[in-house]
Amino acid sequence: MLQIDLWKRIVIWAVCAFGLVMALPNAFYTRVETHNDAVATIESGATAEGLDALVAQWPGFLPSGLVNLGLDLRGGAHLLAEVRVADVYAARLTAMWPEVRDLLKKERDTIGTIRLQRTEGAELRVRLNSKPDMAERAAELVRGLARPVTTLTGAGSSDIEVMVDGAEIVVRLSEAEQLATDDRTVRQSLEIIRRRIDEVGTREPTIQRQGDTRILIQVPGIGSATELKEIIGTTAQLTFQPVVTRTSNADMPPGAGNELLPSLDEEGLFYVLEQAPVVTGEELVDAQPSFDQNGSPAVSFRFNTTGARKFGDYTAENIGNPFAIVLDKEVISAPVIQAHIGGGSGIITGNFSVEESTNLAVLLRAGALPAGLDFLEERTIGPELGADSIEAGKIACLVAFGAVLVFMVLSYGLFGVFANIALLINVALIFGALSLIGGTLTLPGIAGIVLTIGMAVDANVLVFERIREELRTAKGPARAIELGYDRALSAIVDANITTFIISVILFLLGSGPVRGFSITLGLGIITSVFTAIFVTRLLIVMWFERRRPKTLEV
């Protein structure tokens, strides 16, 4: 019998209603922007530089999720950055110097006095002053500091290579460790860039690794590439370093193991600091904008357990000595330690504005970039281009819609009308699903929707042609409809499963535009099968129950 149980009808209409409710906010929202002292209202989907507000004409108690627009539709900023991984080699070896120094000091009676010669690139040189003939013995001791490389490709290798060059010991990172360091550095940079962009509330950025040391960054809706660089381009390397002395001489040699850094607030003032920091920003667990005792903007911070212990021990042992707070190779302040600072918390003061203290807190909270970035490409994609793309996409969808609607009505009459109604519901379900999952619609994604419009009626064509064949065998209308759906089902499922598998592969292996296309294609296949098998059939059954036709024309 041609019938559908009541509970099935309720479920089908409930799914359709839910999809429509999720999709409708995209039609009711308008984006308002200010640009050149003018206020322009842009249709949902079209955005522009200087986005200020989202004006809703939609009840607040209903779902209000919007389809995110990709860079090609919304406009925004595009950057291609290269991570300066070589900087990490030098920092790694510089941080190793105190460990090497303390180890060799214990053997002073055997190897004599030592002096840090220099640290350049991926090389640390230590000179034996009094007993140069003991260089090989000293090198053997330093080799004991080597650790295994913790990667699959570098398994069995040590992280350092120690050689003797006359009276000098030369410490280098091994090739396996350099490769592992490159990978770690780029991965860490990716995560920190993602955190920084997420902190400012940007929706759906694209942050991907390209090659060995490059990172692609695309952020829709941001004003310019310069603005994006300000968010992610600051290294935000925070260190707390002992002060050796202050000077106004910018050319003063700092001495071995030290460095000369300028003051951020006082022009012409320089500090000689020990290169090895006591505590670094990597040991921060929180940073928040605040105000100091004078009501000036500042940043309060808190260390983890390890950092708190180091910070507390140093302040307890160095009361009366200055202690520099350094951000990106500039001394923010160098207060004198008045008392032991326990608890692992403190405050950074300086000539900050409220905005600067807020931004600094964001950068410190997200973490320091392990290395600097060189920007190889930077582009700002204007909203006009995105608006043009959206308009072209609308035209393509309308043309596809019109052609399919006319074809189905001319070919299948009333049944074609039912298929067209299901097609409209199908597209609404796609937008509802995109809103629900927070998906991003790109220009290739629009192409996926247009393709779905054409493919969506394929299942209905198979069913209707099957019904025609059943009618030719002199079966009654009810039996012909029932057999048409039952016997076309396997062909519909098989055809769509293969296409869905391709869309999954494109999503997993592709990136950027390819992913945008695969998302709308995959969702379109699911909604097409649902509307063809369930929605169209329900519409036909409801019509048949009301009219009870003796003959059927398809």
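Which helices each supply at least two residues of the negative patch? They are helix H8 (225–232) and helix H10 (354–366). The model is predicted, so that local features need pLDDT of at least 70 and side-chain atom pairs count only at pLDDT 80 or more, while totals for chains, interfaces and linings use all residues. Residues are numbered from 1 along each chain as its sequence is written, and side-chain values use heavy atoms, with hydrogens and water left out. Helices (H or I, at least four residues) and strands (E, at least two) are DSSP runs numbered from the N terminus.

The patch of negative charge on the surface gathers Glu-227, Glu-230, Glu-355 and Glu-356.

Two residues illustrate the accessibility classes: buried is under 20% relative accessible area, exposed over 50%, and partly exposed in between, with a 1.4 Å probe and protein chains only.

Leu-141 lies 34 residues from Glu-107 in sequence, with 9.1 Å between their C-alpha atoms.

Strand E14 (residues 270–274) has 4 of its 5 residues buried. Strand pairing requires at least two DSSP bridges. E14 pairs antiparallel with strand E12 (residues 238–247) over 4 bridges, where Arg-246 stands opposite Tyr-271. Strand E13 (residues 258–262) also runs antiparallel to E14, joined by 5 bridges; there, Glu-259 has Leu-273 as its bridge partner.

Technical notes: Patches are made of residues with over 30% relative accessible area and no salt bridge: like charges are joined within 9 Å, nonpolar side chains (Val, Leu, Ile, Met, Phe, Trp, Tyr) within 5 Å. Accessible areas come from the Shrake-Rupley method with a 1.4 Å probe; for residues, only the protein chains shown count as cover. A salt bridge is a side-chain nitrogen of Lys or Arg within 4 Å of a carboxyl oxygen of Asp or Glu. Lys and Arg count as positive and Asp and Glu as negative; His and the chain ends are not counted. The place of a charge is taken as NZ of Lys, CZ of Arg, CG of Asp or CD of Glu.
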